[in-house]
Amino acid sequence: MKTIVDALGLSCPEPVLKLKQVIDTADEIELLVDSQVCVENCTRFARSKGYNISVTGTTGLYTMTLTKN
């Protein structure tokens, strides 16, 4: 089951903290963020937890799909 995390409008580290709340209980996560910095920080965190990351979108709206290895 996919877990959706809406972190739009939040500044780092808040998106990482929201991701941290669900990352140990989900095999697939869809994370919505609105800045490249958030994409980079969340990518580093998710990879350290064993997730593969796919990012789509443009400036202002990014959808990150995280799947457990």
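How many helices and strands does the secondary structure of the protein chain come to? The protein chain has 2 helices and 4 strands, where helices (H or I, at least four residues) and strands (E, at least two) are DSSP runs numbered from the N terminus. Before going on, note that this is a predicted model, in which local features need pLDDT of at least 70, side-chain atom pairs count only at pLDDT 80 or more, and totals for chains, interfaces and linings use all residues. Residues are numbered from 1 along each chain as its sequence is written, and side-chain values use heavy atoms, with hydrogens and water left out.

Now colour the chain from the N terminus on: the elements run β-α-β-α-β-β.

Next, select the strands. They form an open sheet of 4 strands in the order S1-S2-S4-S3, with mixed pairing; two strands pair if DSSP finds at least two bridges between them. Strand S1 (2-6) and strand S3 (51-58) stand at the edges with a single partner strand each, so one side of each has no neighbour in the sheet.

Zoom in on S1 and strand S2 (residues 28-33), which pair in the parallel sense over 5 bridges. Here, select Lys2 and find Glu28 of S2 opposite.

Finally, zoom out to the whole chain. Its C-alpha atoms fill a box of roughly 25 × 20 × 20 Å along the principal axes. Of the 69 residues, 38% count as buried, meaning under 20% relative accessible area (1.4 Å probe, protein chains only).

Definitions and conventions:
Buried means under 20% relative accessible area, exposed over 50%, partly exposed in between (1.4 Å probe, protein chains only).
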